[in-house]
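Here is a short report for a reader new to this structure. Look at the model first, then read on.

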Amino acid sequence: MFNKKAQEPMPELPEVETVVRALRQPLIGLTITAVRNDWPRHIGTPTLDELRLRICNCRVEAIHRRAKYLVFSLTQGETLIIHLKMSGHLAVVDASAPADKHVHTVFELDNGQELRFRDIRKFGRVYLVHDPAQILGKLGPEPLEADFSPDVLQNRLNGRTRAIKPLLLDQQLIAGVGNIYADEALFYARLHPTRPANTFSKKEISALHAAIQKVLRLGIEREGASIELYVKPDGSKGDMQNAVAVFRRTGDPCYECGRPIERIVLGGRSTHFCSHCQK
Ligand SMILES: [Zn+2]
């Protein structure tokens, strides 16, 4: 059965990194003066009232990414954390710019602009915390950081008997990889998505490690994959959808061997691969 909800890709590491990079220039140095919200469930913690009290007069000092979260370091010891989930879109625009009904949380800024969180599916979340570990503490290593080595990957997969594809989506195992980049990484590593993780040789682990980094770097370079709802903060599309090897290419010829790309559902998620090239 075609399950639209299960299939919908959410922004992953490269998409969130692209959003972070685009928001730094317009946001850093500005002060939040007010918050508007018409969907209180957008606010994960604290309550909307408390968030308003604490965030007003905070200045944005830095913006970075952790896994699929945007992390805004604010003055007064506050950290604003946003997860875009399936359809979240952030943009800094003039307060006078027209807003549609899908804009649910708005941070007013001291320069006449505002940071708007538009979210058609409304699964996105906003958190304001003193200690970022409250939200980010359980996440696995960042796959593009220097300390993510093949040995780290090996250790994290040790003894895991589950198929590799759903394991790659586990944010506590590795942070930031989702459905698109897991399928792509397994293709470049020449590994079948159903292979149990504890069957890999050292060489295969190294190939997987290299492939994860390769596809994430490519995704960042291409500014994300605009396959469903993801667009950049300025509304334009990323380009990674034009550079995928297997994701949503079901029936199309494999770029390596020419045989059709196959699709199966694994762990509830659509999975695309070449059964000839991936073992
Ligand atoms: Zn192939």
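## Two crossing helices

Axes are lines fitted to C-alpha atoms, for helices over the stretch in contact, and angles run from 0 to 180 degrees between N-to-C directions. Helices (H or I, at least four residues) and strands (E, at least two) are DSSP runs, numbered from the N terminus. This is a predicted model: local features need pLDDT of at least 70, side-chain atom pairs count only at pLDDT 80 or more, and totals for chains, interfaces and linings use all residues. Residues are numbered from 1 along each chain as its sequence is written, and side-chain values use heavy atoms, without hydrogens and water.

The axes of helix H2 (residues 13–27) and H8 come within 8 Å. They cross at roughly 40°. Leu13, Pro14, Glu17, Thr18 and Arg21 in H2 are in contact (heavy atoms within 4.5 Å) with Leu216, Gly219 and Ile220 in H8. By class, this contact of H2 with H8 has four nonpolar, two polar and two charged residues. Here Ala, Val, Leu, Ile, Met, Phe, Trp, Tyr, Cys and Pro count as nonpolar, Asp, Glu, Lys and Arg as charged, and the others, Gly among them, as polar.

Leu208 counts as buried because its relative accessibility is 0%. Buried means under 20% relative accessible area, exposed over 50%, partly exposed in between (1.4 Å probe, protein chains only). Leaving aside neighbours within four places in sequence, Leu208 touches Leu153, Leu157, Ile164, Leu168, Leu186, Ala189, Leu191 and Phe200.

## The zinc site

Four cysteines coordinate the zinc ion through SG: Cys254, Cys257, Cys274 and Cys277, at 2.2 to 2.4 Å. Donors are N, O and S atoms within 2.8 Å of the metal (3.2 Å for Na, K and Ca); water is not among the atoms, so sites may look incomplete. The donor spacing in sequence is C-x2-C-x16-C-x2-C. Cys254 sits in the loop between helix H8 (202–221) and strand S10 (262–266). Cys277 is in the segment after strand S11 (269–273), 23 residues from Cys254. Both Cys254 and Cys277 are buried.

## Backbone exceptions

Most residues other than glycine have a negative phi, and most peptide bonds are trans. A cis peptide bond joins Thr45 and Pro46, with omega about -5°. Pro46 lies in the loop between strand S2 (43–45) and helix H3 (48–55).

Asn57 has a positive phi of about 75°. Its relative accessibility is 55%, so Asn57 counts as exposed. Glu223 has a positive phi of about 60° and lies in the loop between H8 and S10. Glu223 is partly exposed, at 35% relative accessible area.
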